[in-house]
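Please look over the two chains below before reading the points.

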2 protein chains.
Amino acid sequence: MAQTFFPPALEKLVEQFARLPGVGTKSAQRLAFFVLSLPEEQTREFANAIMNAKTVIHCCPVCQNLTDSDGPCPICQSPKRDGHTICVVAEPKDVVAMERSREYNGLYHVLHGVISPMNHVGPDDLHIKSLLERVSIGGVEEVIMATNPDTEGEATAMYLSRILKPFGAKVTRLAYGIPVGSHLEFADDATLSRALEGRREM
Amino acid sequence: MAQTFFPPALEKLVEQFARLPGVGTKSAQRLAFFVLSLPEEQTREFANAIMNAKTVIHCCPVCQNLTDSDGPCPICQSPKRDGHTICVVAEPKDVVAMERSREYNGLYHVLHGVISPMNHVGPDDLHIKSLLERVSIGGVEEVIMATNPDTEGEATAMYLSRILKPFGAKVTRLAYGIPVGSHLEFADDATLSRALEGRREM
């Protein structure tokens, strides 16, 4: 950023906003001005929400999903959940997506990333060891790979399925196909061919 | 937002981010996850920058620009500045834009808005009274209207020029024309006709 003419405290706030992903200098200025325009009480709420979230939220020791409870997270603790199935996702927000479907009633395991040699992320940088421990204890009948259907998600799912299979649990992958509500004409080749491949009798 | 599955502290942080202008729920989630992924020290810095900016920054009692200094802001206090000229802008960020041009050496007056009947903003909601006081004291030879060249900025400039003229100061408006570095073919009709109107001998 070239020379600016803001007071230092404002400059600092702009800098902080500009560090957020997807926020450029112009947006950061807009956000900073917005925060300054808020009543003091709301500004304090904002600052407190940041510190509080950071202090209170940590990873569930079992599934590694974000939680604010001591000990295992509500999903891991719930007696209504099917403890024989583990759904493996890359990020906590993927748990939210799966929960939204209201179709899944098992447990989760959050890897906190995918294997990505380009970004120097290897298997040891992910929560894979704790997944292996959960499966090795026994009682897990199915592990569903729900990483993203992109190259890295795919590679991670392949890798995990290879090291999980010796434990005897069934390893499955989410189905590929045309998204519900979409148009065939806009589906890409790879998706269409996967949808054909996975066709089912009606 | 429909039912979510985040811990309350995270939910609250997402809500706070979603209140920022131009940030939707999805972006707010992304920002919240980013903040959680920061080291604690950096999170604290972020929260502190917000509170500090809000506490330290206020309007200059003379020009109404944002400042962190007690008394008048550095521009108003500077002996190098031409005190006979006042440039009237709508927002503090417009001061930054003007300063960037390195062409202007006078003082400023920040209105903190423009007259906008649609948004229930009248002359009394802007810092117009303090501008009149500055001009009425005397010594001001020129008032440059540098509000945006849109309907509301235009109307505000017109209104101000009418009430400022009785004080005897020259009231001017920034020139309209084709932006430097742009292409004629992309200039809109209004801009081109203003550029023609304001043509100057070479």
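The points below take confidence first and then the interface.

1. This is a predicted model, and the predictor gives the complex an ipTM of 0.73 and a pTM of 0.72.

2. Chain A has a mean pLDDT of 89, with 98% of its residues at 70 or more. Within chain A, strand β4 (residues 106–110) has the highest confidence, at 95, and helix α8 (residues 189–197) the lowest, at a mean of 81. Where pLDDT is low, predicted coordinates should not be read in detail.

3. In the contact, 50 residues come from chain A and 50 residues from chain B. About 4,700 Å² is buried between chain A and chain B, and carbon and sulfur atoms give 73% of that area. Phe5(A), Ile50(A) and Lys54(A) supply 14% of the area that chain A buries against chain B, more than any other three residues.

4. The rule finds 2 salt bridges across the interface of chain A and chain B. Arg19(A) forms a salt bridge with Glu45(B), with the closest N and O atoms 3.7 Å apart.

5. Several elements of chain A each supply at least two residues of the side that touches chain B: α1 (8–18), α2 (25–37), α3 (40–56), β2 (66–67) and α5 (92–100). Of these, α3(A) gives the largest share, 14 residues. By class, the side of chain A that touches chain B has 29 nonpolar, 8 polar and 13 charged residues.

Conventions:
Residues are numbered from 1 along each chain as its sequence is written. Chains are lettered from A and ligands numbered from 1 in the order in which they are written. This is a predicted model: local features need pLDDT of at least 70, side-chain atom pairs count only at pLDDT 80 or more; totals for chains, interfaces and linings use all residues. Side-chain values use heavy atoms; hydrogens and water are left out. Contact means heavy atoms within 4.5 Å. Buried area is the accessible area (1.4 Å probe) that two parts lose on being put together, summed over both. A salt bridge is a side-chain nitrogen of Lys or Arg within 4 Å of a carboxyl oxygen of Asp or Glu. Helices (H or I, at least four residues) and strands (E, at least two) are DSSP runs, numbered from the N terminus. Ala, Val, Leu, Ile, Met, Phe, Trp, Tyr, Cys and Pro count as nonpolar, Asp, Glu, Lys and Arg as charged, and the others, Gly among them, as polar. pLDDT is the predictor's confidence in each residue, from 0 to 100.
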